[in-house]
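Me: I'm new to this one. Can you walk me through it in short steps?
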Amino acid sequence: MGAGIAEVLARGGLAVVGVEINEDALERGRGHLKRSTGRAVQRGRLTEEGQRDILGRVTFATGFEGLAECDLVIEAVPERLDLKHTVFAELDRVCRDDAVLATNTSSLSVTEIAAGTGRPTSVVGVHFFNPAPVMKLVEVIATVRTEPDAVSRVAELVTSLGKTPVTIGDRAGFVANRLLFGYLNHAATMLDSGHATRDDIDAAMRTGAGLPMGPFTLMDLIGLDTCVQVLDAIYAESRDRRYAAAPVLRELVTAGLLGRKSGRGFYSYDPAETPAAA
Ligand code: 3HC
């Protein structure tokens, strides 16, 4: 998500500093950005000069110091509260006093992340959807402490990037995931109970409900570990059984089959393998 978000900001004409944990991760981020913009060039959506401009706007670093002059920082590290707190402590140390500190979390409480900083009034949630360069929605999450000015600055920026901001309070799943994951989990439960096959459920929703992807293809795109994290967070807050993650989801995550990013989830993405049914 970090590389996708960096691409959105750079496409919007902004100078971006991409911070990663080490050189390997930086290389992956750089590669992602090159491939994604390269695909746009191939499809005639972007000129080669436009691609060079976008890539030229993004500088990469492995330390936090490069963020000292940024107006807005968007954190997109893995979904662990201890890790978020470590990152936000660093942001608190290096960022300008008037910087907005945002988290792209999809399953943790923005309020809890903000409470770990010395400046909770500057912390907002900025939730992009996968793939970030394509999906129009950005949820802007305000906690009970967030300054209205920080929220409106972020919402204005999102609009200027050609995206649609929806501003909401800090509740697990926000709006889109709260609705989407009830549906995705229901599909996984149907598969678990033998109601229908993966391919038939996907085909039904693609061709019958007009969705761009069936639920299993979408869960593989999102990442099955992320799906379980989102479901667990919504279930913990709501105690609504619709969000109790289907056993097949946990089973695949335990087996390390996380979807596209690991090469296999409900489907296999290894061209040498026959498509695998979960
Ligand atoms: N990065 C950048 N651009 C991408 C991309 C990627 N990973 N994948 C596709 N694209 C672009 C293509 O370049 C193409 O652009 P163009 O129209 O300018 O040429 C456009 O998207 C369409 O791509 P394709 O023709 O290759 O494929 P599709 O038409 O099948 O579209 C899709 C792919 C956009 C992923 C579409 O299937 C879709 O919208 N799927 C649903 C995605 C969705 O629901 N996302 C939300 C997930 S929930 C979430 O993220 C929240 C989190 O908290 C869990």
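Me: What's the shell around the ligand like by class?
Reply: This is a predicted model. By class, the shell has twelve nonpolar, five polar and three charged residues.

Me: Which residues come nearest to the ligand?
Reply: Ser106, Phe129, Asn130, Pro131 and Pro212 come nearest, of the 20 residues around the ligand.

Me: And which elements give two or more residues to that shell?
Reply: Those are helix H2 (23-42), helix H7 (176-192), H9 and helix H10 (224-238). H2 supplies the largest share, three residues.

Me: New topic. Which residues touch the most other members in the largest nonpolar core?
Reply: Leu101, Val124 and Val154 do. That core has 39 residues.

Me: Which one gives the most?
Reply: H1, with six residues.

Me: Back to Leu101. What is Leu101 in contact with, leaving aside its neighbours within four places in sequence?
Reply: Leu101 contacts Val73, Phe88, Leu91, Cys95, Thr117, Ser122 and Val123. There is also a second, separate core, of 29 residues. Among its members are Leu218, Leu224, Ile234 and Ala246.

Me: Now H1. How many of its residues are buried?
Reply: Ten of the ten, so H1 is largely enclosed by the rest of the structure. The buried residues include Gly2, Ile5, Glu7, Leu9 and Arg11.

Me: What covers them?
Reply: The cover for the buried residues of H1 includes strand S1 (16-19), H2, helix H3 (48-57) and strand S2 (58-61). S3 and S5 are also part of that cover.

Me: What follows H1?
Reply: Gly13 does, and its phi is positive, near 90°.

Me: Last thing. At what angle do H8 and H9 pack?
Reply: About 95°, with the axes of the two helices 7 Å apart. H8 covers residues 198-208 and H9 covers residues 215-222. H8 and H9 are therefore roughly perpendicular to each other.

Me: Which residues make the contact?
Reply: H8 brings Arg198, Ile201, Asp202 and Met205. H9 brings Pro215, Phe216 and Thr217.

Me: And how does that contact of H8 with H9 split by class?
Reply: The contact has four nonpolar, one polar and two charged residues.

Conventions. Residues are numbered from 1 along each chain as its sequence is written. This is a predicted model: local features need pLDDT of at least 70, side-chain atom pairs count only at pLDDT 80 or more; totals for chains, interfaces and linings use all residues. Axes are lines fitted to C-alpha atoms, for helices over the stretch in contact, and angles run from 0 to 180 degrees between N-to-C directions. Helices (H or I, at least four residues) and strands (E, at least two) are DSSP runs, numbered from the N terminus. Angles under 35 degrees count as roughly parallel, over 145 as roughly antiparallel, 65 to 115 as roughly perpendicular and the rest as oblique. Two residues are in contact if their C-beta atoms, placed from the backbone, lie within 7 Å. Ala, Val, Leu, Ile, Met, Phe, Trp, Tyr, Cys and Pro count as nonpolar, Asp, Glu, Lys and Arg as charged, and the others, Gly among them, as polar. A nonpolar core is a set of buried Ala, Val, Leu, Ile, Met, Phe, Trp, Tyr and Cys residues joined through C-beta atoms within 7 Å. A residue is buried if 20 or more other C-beta atoms lie within 10 Å of its own, exposed if 12 or fewer, and partly exposed in between; C-beta atoms are placed from the backbone. A residue is near a molecule or strand if its C-beta atom, placed from the backbone, lies within 6 Å of it.
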